[in-house]
Amino acid sequence: MSVQVIKPDEHGNPDRAKTRVVALGNHEEDIWTKSDRYAPVILNSNNRLLTSIAVGMGRKQKQGDCKNAFLQPTIPENETVVCRPPHGCPFSAKNELWLLKKTIYGLRRSPKHWYDHISAAFRRVGLKPCPHDPCIFTGRLIE
């Protein structure tokens with residue numbers, strides 16, 4: 001389905017319109033175990049610890065945001081995802097189905113695919129996940 005949202009500015013006034021095509025994951029026929037769908041999220045206590053370490057060392061903490069994160073990873077070859085286009089899509093014929101090549105919002109495995117995609121990118125540049133929190137990557141970056 002298609003989800004449309006009006007994004008407000010800092011004063012609450014309408015700033016921009018945003019549209020996102022979303023799969024209805026509750027209609028997926030595959031039954032995935034929790035470990036097949038799971039993507040880790042940093043613990044609040046670890047986030048506070050990293051902030052206090054940065055402050056203590058006189059460093060600036062930086063945070064990044066990846067636009068359309070769940071749309072970046074490709075679906076593995078051993079998975080097949082077929083869905084109906086959004087109602088009223090001008091690019092699709094009646095009764096046409098889409099074979100997805102990349103993940104989209106709403107699929108049950110999209111968070112797992114995103115984590116696998118971004119962690120592989122971090123590993124390629126020499127970062128390693130922390131054994132106690134897989135959302136924290138350590139190592140030295142070339143500056």
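Predicted model: local features only at pLDDT ≥ 70, side-chain atom pairs only at ≥ 80, totals over all residues.
Cys-83 takes part in no disulfide, and the nearest cysteine sulfur, which belongs to Cys-89, lies 10 Å away. A disulfide is a covalent bond between the sulfur atoms of two cysteines, and a pair is counted here when the two sulfur atoms are within 2.5 Å. Cys-83 is also buried, its relative accessible area being 17%. For Cys-130, the closest cysteine sulfur is that of Cys-135; because 10 Å separates the two sulfur atoms, the distance is too far for a bond. Cys-130 has a relative accessibility of 22% and therefore counts as partly exposed, since the buried class ends under 20%.

The secondary structure of the protein chain comprises three helices and six strands. In sequence order, these elements are arranged as β-β-α-α-β-β-α-β-β. Within this arrangement, the loop between β3 (82-83) and β4 (98-99) contains Asn-95. The backbone of Asn-95 adopts a positive phi of about 65 degrees, although the residue is not a glycine. Asn-95 counts as exposed because its relative accessibility is 67%, and the exposed class begins over 50%.

The overall dimensions of the protein chain were considered next. The C-alpha trace spans about 60 × 45 × 30 Å along its principal axes. The radius of gyration of the protein chain is 19 Å, whereas a compact globule of 143 residues would have a value near 15 Å. Buried residues make up 22% of the 143 residues in the protein chain.

Surface and charge were examined in turn. The protein chain exposes about 11600 Å², of which carbon and sulfur atoms supply 54%. The protein chain carries 22 positive and 14 negative charges. The mean position of the positive charges and that of the negative charges are 5 Å apart.

Definitions and conventions: Residues numbered from 1 in each chain as written. Heavy atoms only, no water. Helix = DSSP H or I, 4+ residues; strand = E, 2+ residues; numbered from the N terminus. Buried < 20%, exposed > 50% of the residue type's maximum accessible area, 1.4 Å probe, protein only. Rg over C-alpha atoms; globule rule 2.2 N^0.38 Å. Areas by Shrake-Rupley, 256 points an atom, 1.4 Å probe, with all protein chains shown as cover. Lys, Arg positive; Asp, Glu negative; His and termini not counted. Charge placed at Lys NZ, Arg CZ, Asp CG, Glu CD.
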